[in-house]
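Open the structure in your viewer and get ready to select residues.

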Amino acid sequence: MRYTTPIRATTLLAAGVLALSTTTERTLAQGCVAVRGGGMCPLAYNDNLTPDDANLQDGDWLASAAYRWLHSHRHFVGDHEQKDRQKIGNQVINQQHFFDVGLQYAITPRYSVGVVLPFGISDRSQTYTLGGVLNRYHTQSSGLGDARVTGYAWLWKPTRELKGNIQLGLGLKMPTGDDNVTDLFPSVSGGKVTWSERPVDQSIQPGDGGWGFTTEINAYRIILPRTTAYLQGFYLFNPEDTNDTLTFRGNPFESVTSIPDQYFGRVGLSYALVPKWGLSVSFGGRIEGVPVRDLLGDTSGFRRPGYAISLEPGIEVMKGRYSFGVSIPYAIFRNRQRSVADEAYTTLLGPGPNNYKHGDAAFADYVVTASFSVRF
């Protein structure tokens, strides 16, 4: 692959960084904070997608596949880590694999539409005590998640001479994923354990059960030869309040599952390390989470609001019609915020030394994301 100028190489790098991380409604996976976690749909490609074609032309297609893995096990109440849970051995552990298949169609070089189909395989490990002995058991889920269809538009027509651009997206999120997957749970009574079937935890349900819509922004600006600043933002609006999935939790305000909003943002720099190989690296920061209250609609039921702030290194190779990239966000700050249900239950119980409620959540130390795309 040959580049005629450093700016062309840097602009291609900017396209790759955006493509690697454009989110679906499940990109934000951090463990128990149930932000649906898959990969990406590379809808942010701009000029210089190939040396022979400055941008996606009318009728071009861009297919992608992404994989995302996380292991969450560190519990937080607010920003305070419950380190004793790991010492005792009763921490909850989520092990999750997400696979996203995406397809984009370029109506014109400036306007495009894409679809993402997410799939997930999740295992949640918890404990119960029988005869003074701590026992660990697993609940699992797998299947199709909530699909998303999105339309995108660049504010300015992509050209080789353009040193920066902003892309806006508006999408529809559909409840194609099952929000009521069940498994067997233990119950200890009279020194014996019995097993009964009930819904798995919200964090490993493939879908959230509601219709929603998404807004996105992707932006880049070449600031130096080979060096590009990038910015991304994503917000999922879930106006519906709750689904019908029972939680079996002690808090009466958490009897059914909430359908929460979700958000994501990242900013950083990318650098064309070896332009002739199409090799680039990037580094930035990101925030992702579930808000305490939805921006639209009511906020009832059970949710684990919170967010993680991470540092995110990445690497990508783009060659001709093909692109491959890996990024590994590493969490530096985690906060399980107090939910509306926590507040309501505290008010119901009234004053008392043990009546203040603030739930916990498990977060991952880091997440591994890999993506591959091809243009045709």
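One term first: buried means under 20% relative accessible area, exposed means over 50%, and partly exposed lies in between (1.4 Å probe, protein chains only). This is a predicted model, where local features need pLDDT of at least 70, side-chain atom pairs count only at pLDDT 80 or more, and totals for chains, interfaces and linings use all residues. Residues are numbered from 1 along each chain as its sequence is written, and side-chain values use heavy atoms, leaving out hydrogens and water.

Rings of Phe, Tyr and Trp (its six-membered ring) pair if their centres lie within 6.5 Å; planes under 30 degrees apart count as stacked, over 60 as edge-to-face and the rest as tilted. The whole structure holds 13 aromatic pairs.

Select Tyr67 and Phe99. Their ring centres are 5.2 Å apart and their planes meet at 45°, so this pair is tilted. Tyr67 is partly exposed at 26% relative accessible area. Phe99 is partly exposed too, at 36%.

Next, select Tyr307 and Phe333. This pair is tilted, with 6.0 Å from centre to centre and 35° between the planes. Is Tyr307 buried or exposed? Tyr307 is buried, at 17% relative accessible area. Phe333 is partly exposed, at 29%.

Now select Tyr128, Tyr137, Phe185 and Trp195. Ring pairs link these four into a cluster. A charge sits over a ring if NZ of Lys or CZ of Arg is within 6 Å of the ring centre and within 35 degrees of the ring normal.

Last stop: Arg249 and Phe302. The charged end of Arg249 sits over the Phe302 ring, 4.0 Å from its centre.
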